[in-house]
Each structure stands twice: as C-alpha cells, then as structure tokens.
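Welcome! Please take a look at the sequence and the model below, and we will walk through them together.

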Amino acid sequence: MKIRNSLKSLKTRHRDCRVIRRKGRTYVINKTQRRFKARQG
C-alpha cells in the first residue's frame with residue numbers, strides 16, 4: 001500500500017479504483033486489481 005499526499009492521480013490509474021473514507025483516512029481501493037491500493041493521512 002502506498003502512502004501519498006495526493007490521491008487524485010492514483011484513482012485514475014485503473015477504472016475500478018474507488019476513493020473511500022474510513023476513520024478519518026482516505027483510501028484508494030480496487031477490487032479487481034489489488035495492487036492499486038493507497039492511503040492518505
């Protein structure tokens with residue numbers, strides 16, 4: 001999982017990427033390609 005300041009470029013890497021907020025942190029998750037994971041905060 002990558003930890004980044006900006007998730008805007010990461011959500012455009014794959015069409016199944018979703019931006020989700022959990023417990024005050026912002027995540028990019030992808031159900032089909034699991035390697036596209038990122039976290040902010």
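Predicted model: local features only at pLDDT ≥ 70, side-chain atom pairs only at ≥ 80, totals over all residues.

Residues are numbered from 1 along each chain as its sequence is written, and side-chain values use heavy atoms, with hydrogens and water left out.

Let us begin with the whole chain. It has 0 helices and 4 strands; here helices (H or I, at least four residues) and strands (E, at least two) are DSSP runs, numbered from the N terminus. Along the sequence, the pattern reads β-β-β-β. The C-alpha atoms fill a box of roughly 25 × 15 × 15 Å along the principal axes. Of the 41 residues, 24% are buried, where buried means under 20% relative accessible area, exposed over 50%, and partly exposed in between (1.4 Å probe, protein chains only).

Two strands count as paired if DSSP finds at least two bridges between them.

S1 and S4 are parallel, with 2 bridges, and here Ile3 stands opposite Arg39 of S4. Next, S4 and S3 run antiparallel and are joined by 3 bridges; Tyr27 also has Arg39 in S4 opposite it. Finally, S3 pairs with S2 (residues 18–22) in the antiparallel sense over 5 bridges. Arg21 has Thr26 in S3 as its bridge partner. The hairpin of S2 and S3 has 2 residues between the strands, and Lys23 takes a positive phi near 55 degrees there.

Now turn to Asn30, which lies in the loop between S3 (25–29) and S4 (38–40). Is Asn30 buried or exposed? Asn30 is buried, because its relative accessible area is 4%. Its side chain makes a polar contact with the side chain of Thr32 at 3.1 Å. A polar contact is a pair of N or O atoms within 3.5 Å; within protein, one must be able to donate a hydrogen and the other to accept it, and residues adjacent in sequence count only if both atoms are side-chain atoms. The Asn30 side chain also reaches the backbone nitrogen of Gln33 at 3.2 Å. Setting aside neighbours within four places in sequence, Asn30 is in contact (heavy atoms within 4.5 Å) with His14, Asp16, Cys17 and Phe36.
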